[in-house]
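Subject: Structure handover

Hello,

Here is the structure for you to look at. My notes follow below it.

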Amino acid sequence: GQLCTPQELLCAIKNKVNMSTLVRADLPQNASSWSQYLPIKTLQEEIKSLGKCAVVSSAGSIKYSSLGQEIDAHDAVLRFNAAPTRGHQDDVGTKTTFRLLNSQLVSRPELKFFEDPLYKEGTLLMWDPSQYQADLDQWHRNPDYMFFERYSTYRRKNPDQMFYVLNPQAAWQLWDIIQQNSPEDIHPGPPSSGFLGILLMMNLCNQVDVYEFLPSRRQTDFCHYYEIYQDRACTLGAYHPLMYEKNLVKKLNLGDDNSIYHFGKVTVPGLRGLQC
Ligand code: NCC
């Protein structure tokens, strides 16, 4: 592939990845009884603009970081999947403005999405990978997980909590950019929730601090800060092209390498003010 400058990379992300959320009008009314539970406005229309935001990866390396207060000082904080704050406040903070979930978590009852109070805080977002280059209709007939029923039920039971679904085409639009900027062929797996979350916040915020997506000196084989499960693939990727995602984020870093080494901290610009 042809490698580009950070500015070119930012513009490709801004112009080619549609990070909007689905609204009712996006899906044909007769095709779907679940789509009536989608919000009427996109998250972007609802939020307008945020200042400084934090994205907190779920990596084991954030344990013992004492980053909690720094994270909480942001205008908005994004977390992922089952990552808790309770019992880990010193390291990950207490504030949860957004939580990005994969469709597996929503769909598989044993993962306790309905029962765990963790999910009742903040605005929820979910994503489900489509087939490569599938349009909305094709995705809708053949999603990765059949989340529709569970999404509808959750929305009926929790009508006051915002719960968005990302445009399913965003994942592969982003994958194309990862591939174009990688020196070798990467396998066709969708980007991780982590990378999608970083992009989402770049769309909403003026500046985004990302914690322990690029591992600090605390890098460890422990997959998550909240579990004892060990798997090196959590940090470098197997299904998701994580190593390549991390190289791109490193390229966008406005901060210095010391901040990565000590705090696992990378700072990336928001996309709104960007002149392309
Ligand atoms: O593990 P997961 O991700 O929930 O982590 C969220 C994001 O944090 C970043 N991360 C995590 C661990 C680590 N050691 N280094 C990291 O950089 C990644 O960017 C990651 O995306 C997912 O992306 O949705 C994923 O979800 C889990 C799992 O489905 C959920 O935790 C729900 O239980 C996947 N694991 C399995 O399916 C077993 C994982 O592959 C990807």
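A residue is called buried here if 20 or more other C-beta atoms lie within 10 Å of its own, exposed if 12 or fewer, and partly exposed in between, with C-beta atoms placed from the backbone. Helices (H or I, at least four residues) and strands (E, at least two) are DSSP runs, numbered from the N terminus. Note that this is a predicted model: local features need pLDDT of at least 70, side-chain atom pairs count only at pLDDT 80 or more, and totals for chains, interfaces and linings use all residues. Residues are numbered from 1 along each chain as its sequence is written.

Overall form

The chain has 12 helices and seven strands. Its radius of gyration (taken over C-alpha atoms) is 18 Å, close to the 19 Å that the globule rule gives for 276 residues, so the chain is as compact as a globular protein of that length. That rule is 2.2 Å times the number of residues to the power 0.38. Along the principal axes, the C-alpha atoms fill a box of roughly 55 × 45 × 35 Å. Of the 276 residues, 42% count as buried. Two residues are in contact if their C-beta atoms, placed from the backbone, lie within 7 Å. Among contacts between residues at least 6 apart in sequence, 70% join residues at least 24 apart.

The sheet

Two strands pair if DSSP finds at least two bridges between them. The seven strands form an open sheet in the order E5-E4-E3-E2-E1-E6-E7, and the pairing is mixed. Strand E5 (163-165) and strand E7 (265-269) stand at the edges with a single partner strand each, so one side of each has no neighbour in the sheet. From one strand to the next, the twist averages 20 degrees, with axes fitted as lines to C-alpha atoms (for helices over the stretch in contact) and angles running from 0 to 180 degrees between N-to-C directions.

Going through the pairs:
- E4 and E5 run parallel and are joined by three bridges; Leu125 has Tyr164 in E5 as its bridge partner.
- E3 and E4 are parallel over five bridges, and Phe98 is partnered by Thr123 in E4.
- E2 (residues 76-80) and E3 (residues 98-102) are parallel over three bridges, with Arg99 in E3 as the bridge partner of Arg79.
- E1 and E2 run parallel, joined by three bridges; Val55 stands opposite Leu78 in E2.
- E1 (residues 50-56) and E6 (residues 205-211) run parallel and share six bridges, and Val56 has Tyr211 in E6 as its bridge partner.

Four of the five residues of E4 are buried, so E4 is largely enclosed by the rest of the structure.

Helix H8

In helix H8 (residues 170-180), the buried residues are Ala170, Ala171, Trp172, Leu174, Trp175 and Ile177. Their cover includes helix H1 (6-16), strand E4 (123-127) and H9.

The ligand

A residue is near a molecule or strand if its C-beta atom, placed from the backbone, lies within 6 Å of it. Which of the 21 residues around the ligand come nearest? They are Ala59, Asn81, Ser192, Ser193 and Gly194. Helix H5 (103-107), helix H9 (193-204) and helix H10 (233-236) each supply at least two residues of the shell. By class, that shell has nine nonpolar, 12 polar and no charged residues. Here Ala, Val, Leu, Ile, Met, Phe, Trp, Tyr, Cys and Pro count as nonpolar, Asp, Glu, Lys and Arg as charged, and the others, Gly among them, as polar.

Regards
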